[in-house]
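Colleague: I'd like a close look at the inside of this one. Could you walk me through what is packed in there and how the parts around it fit together?

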Amino acid sequence: MPPASSVTLRQQRLGAELRKLRERAGLTSTAAAALLGAPQARVSNIEAGRYAVSADRVRTLARNYSAADEAYVDALAGMTGARQRGWWEEYRDKLPTGLLDLAELEHHATAMRVAVTVHMPGLLQTPEHARATMREAVPPLRPYEIEHRVSYRVKRQAVLFEGTPTSYTAIVHEAALRMGFGGPDVARAQLHHLLEMSEEPTVTVLVLPFGQTGFPASGQPITYAAGPVPQLDTVVLDTDHGCEFLDAEAQLQRYRSVLDRMESRARPEPESREIIHRIAAEL
């Protein structure tokens with residue numbers, strides 16, 4: 001099978017998981033290749049995500065590595081095949097690769113939890129709010145770059161509506177509700193949109209108000225995307241230099257704990273809606 005034209009985060013993750021299984025089995029890549037009846041370079045390319053791999057081959061590798069977790073192996077097999085031509089592919093030459101990987105991750109996530117302190121969650125933003133925040137980018141974005149990113153952000157939101165909507169919990173600090181990007185009219189419309197979205201059956205919006213003692217995070221936006229099995233969960237940190245993707249078990253455990261603590265300190269849904277209503281009325 002020919003090498004993939006571009007390695008996506010999903011392909012890299014599949015390769016990394018296969019490498020973990022091999023190393024846990026105490027096998028070198030040379031020994032794994034011998035069991036597979038293939039050159040050593042083939043195993044290395046699969047583990048690097050440079051070659052698409054079939055579901056049957058994944059199951060063969062898992063069997064060779066004595067992997068006994070059937071649900072995990074099934075989930076790995078489900079990640080196989082050539083790169084999916086998702087809607088995000090139309091942006092491949094227009095946006096950074098990390099943003100495309102984020103859209104693919106959201107597309108496959110079984111549930112998501114996010115925490116924000118300054119900006120609204122990306123999947124709950126109005127186009128006007130998104131446009132206003134992007135005008136503050138450093139270095140500045142050109143007008144056409146802003147429009148590419150706005151349309152991309154809006155299309156990402158389809159995971160909350162189409163097919164089987166993804167369960168989505170957003171923990172929003174009161175500071176984000178009061179930032180006022182774009183001026184009073186844009187900010188008010190954004191808050192009303194947040195309220196409307198909070199009424200969706202699969203969307204939960206919780207507010208962490210000023211005056212709440214303690215804050216168990218650094219303040220950077222966090223997205224926790226659940227995979228088909230817990231081993232395939234992913235954390236995304238939205239940094240000034242782009243998206244950072246984390247999947248080591250210790251990192252997953254840490255951010256689960258951070259989000260659990262933030263959620264426990266946020267106000268319940270009815271009270272959170274009241275806070276949003278009050279702030280919107282003040283604008």
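**The interior and its surroundings**

Modeller: In this predicted model, the largest nonpolar core has 36 residues, and those with the most contacts inside it are Leu-124, Leu-160, Tyr-168, Leu-177 and Ile-276. By nonpolar core I mean a set of buried Ala, Val, Leu, Ile, Met, Phe, Trp, Tyr and Cys residues joined through side-chain atoms within 4.5 Å; buried is under 20% relative accessible area, exposed is over 50% and partly exposed is in between, with a 1.4 Å probe and protein chains only. At least two residues of this core come from each of α6 (97-108), β1, β2 (167-173), α9 (174-177), α10 (184-198), β3 and α12 (269-282). The biggest giver is α6, with 5 residues. Helices (H or I, at least four residues) and strands (E, at least two) are DSSP runs, numbered from the N terminus.

Some housekeeping: residues are numbered from 1 along each chain as its sequence is written, and side-chain values use heavy atoms, with hydrogens and water left out. Local features need pLDDT of at least 70 and side-chain atom pairs count only at pLDDT 80 or more, while totals for chains, interfaces and linings use all residues.

Setting aside neighbours within four places in sequence, Leu-160 is in contact (heavy atoms within 4.5 Å) with Leu-123, Leu-124, Pro-165, Thr-166, Tyr-168, Met-197, Thr-202 and Val-203. Another core lies apart from the largest one: it has 19 residues, Ala-33, Leu-61, Leu-76 and Met-79 among them.

Now the sheet. It is an open one of 6 strands, ordered β3-β2-β1-β4-β5-β6, with mixed pairing; two strands pair if DSSP finds at least two bridges between them. The edges belong to β3 (203-208) and β6, each with a single partner strand, so one side of each has no neighbour in the sheet. On average, neighbouring strands here are turned by 15 degrees against each other, direction ignored, using axes fitted as lines to C-alpha atoms, with angles between N-to-C directions running from 0 to 180 degrees.

Further in, β1 has 5 of its 6 residues buried, so the rest of the structure largely encloses it. With β2 it pairs in the parallel sense over 6 bridges, and Val-114 has Ala-170 as its bridge partner in β2. Towards β6, strand β5 (residues 234-239) and β6 (residues 242-246) are antiparallel over 5 bridges, joined by a hairpin through 2 residues, with Thr-239 bridged to Gly-242.

Leu-252, in helix α11 (residues 249-265), counts as buried because its relative accessibility is 1%. Beyond neighbours within four places in sequence, Leu-252 is in contact with Tyr-224, Pro-230, Asp-233, Thr-234, Val-235, Leu-246 and Asp-247.

A polar atom of the Thr-126 side chain lies 3.0 Å from the backbone nitrogen of His-129. Outside the four places either way in sequence, Thr-126 is in contact with Ala-189, Gln-190 and His-193.

Back to the other core: Ala-33 is one of its residues, and α2 (residues 29-36) has Ser-29, Ala-32, Ala-33 and Leu-36 buried. Those four span an arc of only 100 degrees around the axis, which puts them on the same side of α2; the arc is that of the directions from the helix axis to the C-beta atoms. The buried residues of α2 pack against α1 (9-24), α3 (40-47) and α4 (55-64), whereas the face turned away carries the exposed Thr-30, Ala-34 and Leu-35. After α2 comes Gly-37, with a positive phi near 75 degrees.

Last, Arg-42 belongs to helix α3 and, at 28% relative accessibility, counts as partly exposed. Neighbours within four places aside, Arg-42 is in contact with Tyr-51 and Arg-57.

Conventions. A polar contact is a pair of N or O atoms within 3.5 Å; within protein, one must be able to donate a hydrogen and the other to accept it, and residues adjacent in sequence count only if both atoms are side-chain atoms.
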